[in-house]
Amino acid sequence: MKQLLQTLDNHTIIVGLSDRAYLVGRTGGKEDTSCVVCELLPASASHNSSPQQQTAEKSESIGNDQESSSKNKGNNGNGLPSSNEVQAVAILQVGDQSIWCAVSRYDKSLSLYCLSVKDGMYLENLTSTTKIAPTTVHKTTKRSCCMTFASVPAGGSSSSLNVIVAGDLTGDATAFPLQKNDETKDDKMQGRLLLGHTASMLTGVKVVTDGTGKMRILTSDRDEKVRISQFPNTNIVEGYLLGHSAFISAMDAATNLDCSNCVTCSGDGTIRLWNYESAQEVAVAKAVADKPEQDDEGESLLIPSGVAISPDGAHVAVIYDKHLEVKIFMASGKDLKLYQTIDCPHQPLGVKFSSTKDLLVLAKEPNYVMAYTVVSGEKDLFGLTDNESCLALREIAEKDTISMPLSILESDPKSGKLKVLKEKEERGGHTPWNDAHRLEIAKQANYRRQKRKRERRREEKALAEGGSDDEY
């Protein structure tokens, strides 16, 4: 799984395109609709010594070094992705003066970028030839496939500290500071482990706040569940969202304070709407296709690869692996009903609602990112719109001839099987913990434990009776 598309509004977007990461936004006032596309450089290109913002002239040599990798075929020649392949992106606005971006890559680097904004929304002193070096770079022990920004208390009750929470392939969620402590030299000491899913793989992480101001962290994994923990006191587990019968491929949560719903999609072909306050399932929908593989009941299913929920929780958008449709569901009460299907010209790879409820879809070239907005008078149907940010990004991506993958579900290059599947646990009633060999080992271990207990009781009784052990 990859998290390649995030947005602040329908014009400020961060996106991962193969081994490139871009920030798109407006630079002028309300009357100026022009957009700028800035590349977020990887740590390997910036060497951690470049200034925060590098102009095209200052970073020309870096751009030349990356030119060959930007025109790659998504791997390094041996079937593996490039070391700079983008795994996840995130974006946060801090007050009215700065925006923070985060990019994790295949080389286990987590790069953070700080940019200045004016009037709370316009990027300052940037052009489409600007290449931005990371402000901070963290090295993670495993690849981070999902991320989110969060705020934690610091110093006093009224102050807070912004962190980036990264979920990795070993099931751990770790919080990293936006700026490193100069006194700490070891990169691995910068992060704080928040929680772990034992022997699993995280597929989604969200920090949510309800109407009372209480914060929670939601973490989904390949073991069919979502864990609900308090935040930042993540050792307190409030509950689990259970119901999927296969890996959870994606998760999203509504951002409005009066809506405590989140949504998940799974390899079992279902989309489920949950209330994370009560840890209860609200609604479930099954995506039925014309031809794809069939489930146990003989129905043809699509495998959902990405899901998004609107800020107010009213709409849910779902994309599917190796399928060109985006399905939009209406969430009303305890129902999740399909009411619109959007035909994409190319394979969708990411989906996200903006704060203004516009729908952004990341797809393969040559479209890359498309924007859909509710058409007035069309019964709340979403229609394709000419979004300046999407057009500007498309122009840059076409110029760099960036090639996108066919799927965001990572598979083994040799076997072709999805890596998110549990190799040793096949469906169909097979339970490896009930294997005869394992049961025999457990039986013998229990016999030895019981024998040692009997021997200890005999010794204790013999000592109590003055050393007489004749009866034994």
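**Entry 1: the model.** I am working with a predicted model.

**Entry 2: counting cavities.** I looked for cavities of 30 Å³ or more and found two.

**Entry 3: the largest cavity.** I looked up its volume, which is about 290 Å³. Its lining is made of 25 residues. I noted the ones closest to the centre: K2, Q3, A250, M251 and V307. Then I sorted the lining by class. I got 13 nonpolar, eight polar and four charged residues.

Which strands each supply at least two residues of this lining? I listed β1 (5-7), β12 (144-154), β16 (202-209), β20 (248-253), β24 (304-309) and β28 (348-353).

**Entry 4: the second largest cavity.** This one holds about 30 Å³ of space. I wrote down its lining: K2, L4, G16, S18, E85, V86, M404 and P405. By class, I have four nonpolar, two polar and two charged residues here.

**Entry 5: strand β24.** I picked β24 from the strands that line the largest cavity. Is β24 mostly covered or mostly open? I found it mostly covered, with six of its six residues buried.

Next I checked its pairing with β25, residues 315-320. The two strands run antiparallel, and five bridges join them. Across this pair, I309 stands opposite V316 of β25. I also looked at the link between the strands. β24 and β25 form a hairpin, with five residues between them. In that turn, G313 has a positive phi of about 80°.

Conventions: Residues numbered from 1 in each chain as written. Predicted model: local features only at pLDDT ≥ 70, side-chain atom pairs only at ≥ 80, totals over all residues. Heavy atoms only, no water. 1 Å grid on protein atoms, 1.4 Å probe; cavity = no way out; pocket = protein on both sides within 12 Å on 5 of 7 lines; lining within 4 Å. Points joined across faces, edges and corners; volume = space filled by probe spheres on them. Helix = DSSP H or I, 4+ residues; strand = E, 2+ residues; numbered from the N terminus. Nonpolar A, V, L, I, M, F, W, Y, C, P; charged D, E, K, R; others polar. Buried < 20%, exposed > 50% of the residue type's maximum accessible area, 1.4 Å probe, protein only. Pairing = 2+ DSSP bridges.
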